[in-house]
Amino acid sequence: MKRVRRRRSSVWDCFEQVGNFVRCMKCDATLKYCGGATSSMMNHMSRHHPSSAAAPPLDEDEKPVICTVQCIEEDSSASSDIMQVAIMSPSVNVSANPPERDYGERKRLKRSSVWDIFIKVDDEVHCTMCDTKLKYRSSTTSMMYHIKNKHPDTMPNDGVSLATHAEVTELITRMIEKDMLPISMVTGDGFRELLAYTVHSYKMPSAGDITRLIEGHFHEKVEELVVQLGRVEKVALTADFWTALPFQRYITVFCSFITEDWQGKSAVLQTHKLSSDSHVTTDSVTEMLVSTVQTWGIAGKVTACVHNNTQDVLSGGARTRVTWDYATCFATTLQRAVSDGLSEDLTRIIAAAGKLVKHFSHSLLASEALEQKQVQMCLPQHKLIQSSKARWDTICDMFERLLEQRWAIKAVLSDRTITNRQEAQTLEIEDDCWQIIENFTPVLATLKWATTVISAETEVSISNIYPITFSLIQTHLVPKENDVDQVSEFKLKVQKSLRNHMEVGINQS
């Protein structure tokens with residue numbers, strides 16, 4: 001007896017099979033496909049695509065033509081060929097070559113949806129919705145029962161894979177980490193409205209859930225770094241002393257190393273809080289560094305520790321307790337040299353320039369007048385720059401901008417409808433001071449260039465330090481005939497400071 005050919009369901013006009021799953025070609029939803037049953041696909045169509053599901057079943061003659069395409073061999077690692085089938089239908093547009101899924105994506109599809117709600121902690125699993133703790137023995141049955149009994153509204157009832165929700169939560173966590181956003185943003189009403197609109201039935205995690213995920217990522221990075229440090233032979237440390245508030249001081253310890261493929265890498269190891277009620281001692285800082293080295297298992301690998309401390313905390317007695325050498329950061333040494341070179345006249349001019357910039361920053365009338373003068377004089381429409389006491393290189397930026405806008409500034413200060421006479425006399429910089437600024441700025445620009453070169457994030461070589469130092473001492477810091485007295489004095493003082501701190505002999509060339 002001739003076997004009757006089984007009728008093909010019309011639901012296949014909207015779905016394609018991918019291994020043990022089927023994918024909706026209208027919304028990319030992924031459903032489990034077992035034993036040839038199409039019930040889940042029909043339910044999905046009736047819920048999410050009623051216009052397509054309401055269409056009458058096609059007759060045998062109206063059914064789409066099934067065109068078998070020749071088998072295409074995949075890589076040699078594939079165990080069998082895959083038959084590609086193209087569905088010819090006027091209502092569904094399917095490309096001849098459906099998108100292939102890589103192994104990582106196929107593996108992700110098999111992940112149980114319970115892990116969207118549970119987090120594994122050692123040999124337990126914690127429910128992120130009610131903080132219930134269950135024992136974990138390589139089975140998700142107990143977690144599934146818990147979700148079914150305690151959180152039935154989170155059970156997938158329309159065939160939509162919860163793996164999508166897990167990926168969204170992961171992306172939110174990564175966004176908070178990369179952009180350094182506050183974790184509390186997940187509790188914001190606007191953010192929740194956005195996620196509710198863009199992700200179907202998405203259960204917004206709490207701030208505690210995001211915190212646990214971030215902590216999990218942190219521990220993963222720690223493990224990766226420990227493995228990397230275990231493979232390298234030598235490591236260099238950097239001790240960065242910094243202040244958050246006047247009475248909150250910290251030291252952050254970095255490490256730098258070269259990988260097996262000769263790639264320069266650096267990482268933050270630990271941040272210690274320094275005592276605020278007493279002077280920082282050599283013993284306390286050394287103890288912090290030794291503790292960090294032991295914690296990360298790099299004892300015996302540290303060759304040197306570069307620091308930015310200007311109080312000689314890491315010198316003298318500190319060297320007797322450790323196996324590495326200490327070196328002051330070149331940028332810090334250069335900053336100390338610039339501070340040593342500033343005379344009273346230069347300090348007074350810097351203060352006067354800062355006062356002038358502050359006036360234009362705080363006075364809306366003066367600021368608007370300056371913009372008008374810039375247009376009238378065809379000058380760049382730039383704002384003035386205020387220097388910072390903590391960064392000497394901003395003095396160079398401030399002077400350069402003042403020189404650029406000098407005549408526009410003079411025009412504003414001379415306009416009595418904008419600046420009164422008494423205020424103008426207080427703010428006006430004298431011509432001899434402008435000459436000093438004009439003569440002093442190129443010297444600062446050269447020193448700033450040296451700092452920029454040696455402080456680059458990548459491709460920095462320690463071999464550049466002494467050539468730059470000698471270039472500064474023997475060329476750029478040599479007084480010239482047209483230098484004003486204050487600038488010549490500055491050059492000589494910076495020379496002397498660099499020779500002392502860099503231990504450069506006077507007669508060396």
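Tutor: Let's start with Glu224, which counts as partly exposed at 45% relative accessibility; buried means under 20% relative accessible area, exposed over 50%, and partly exposed in between, using a 1.4 Å probe and protein chains only. Before we go on, this is a predicted model, where local features need pLDDT of at least 70 and side-chain atom pairs count only at pLDDT 80 or more, while totals for chains, interfaces and linings use all residues. Residues are numbered from 1 along each chain as its sequence is written, and side-chain values use heavy atoms, with hydrogens and water left out.

Now, who is Glu224's partner? Lys221 forms a salt bridge with it, and their closest N and O atoms are 3.8 Å apart. That passes the rule: a side-chain nitrogen of Lys or Arg within 4 Å of a carboxyl oxygen of Asp or Glu. Lys221 itself is exposed, with a relative accessible area of 53%. Both residues sit in helix 7 (residues 207-231), three residues apart, so about one helical turn separates them. By helix I mean a DSSP run of H or I with at least four residues, numbered from the N terminus.

If you search the whole structure, you find 16 salt bridges. Take Lys448 and Asp397, whose side chains meet at 2.4 Å, N to O. Lys448 belongs to helix 15 and Asp397 to helix 12, so this pair ties together parts 51 residues apart in sequence. Lys448 is partly exposed at 25%, whereas Asp397 is buried at 18%.

Helix 15 turns up again in another pair. Asp431 forms a salt bridge with Arg406, with 3.7 Å between the closest N and O atoms. Here helix 15 holds Asp431 and helix 13 holds Arg406, so parts 25 residues apart in sequence are tied together. Asp431 is exposed at 54% relative accessibility, but Arg406 is buried at 14%.

Terms used
Helix = DSSP H or I, 4+ residues; strand = E, 2+ residues; numbered from the N terminus.
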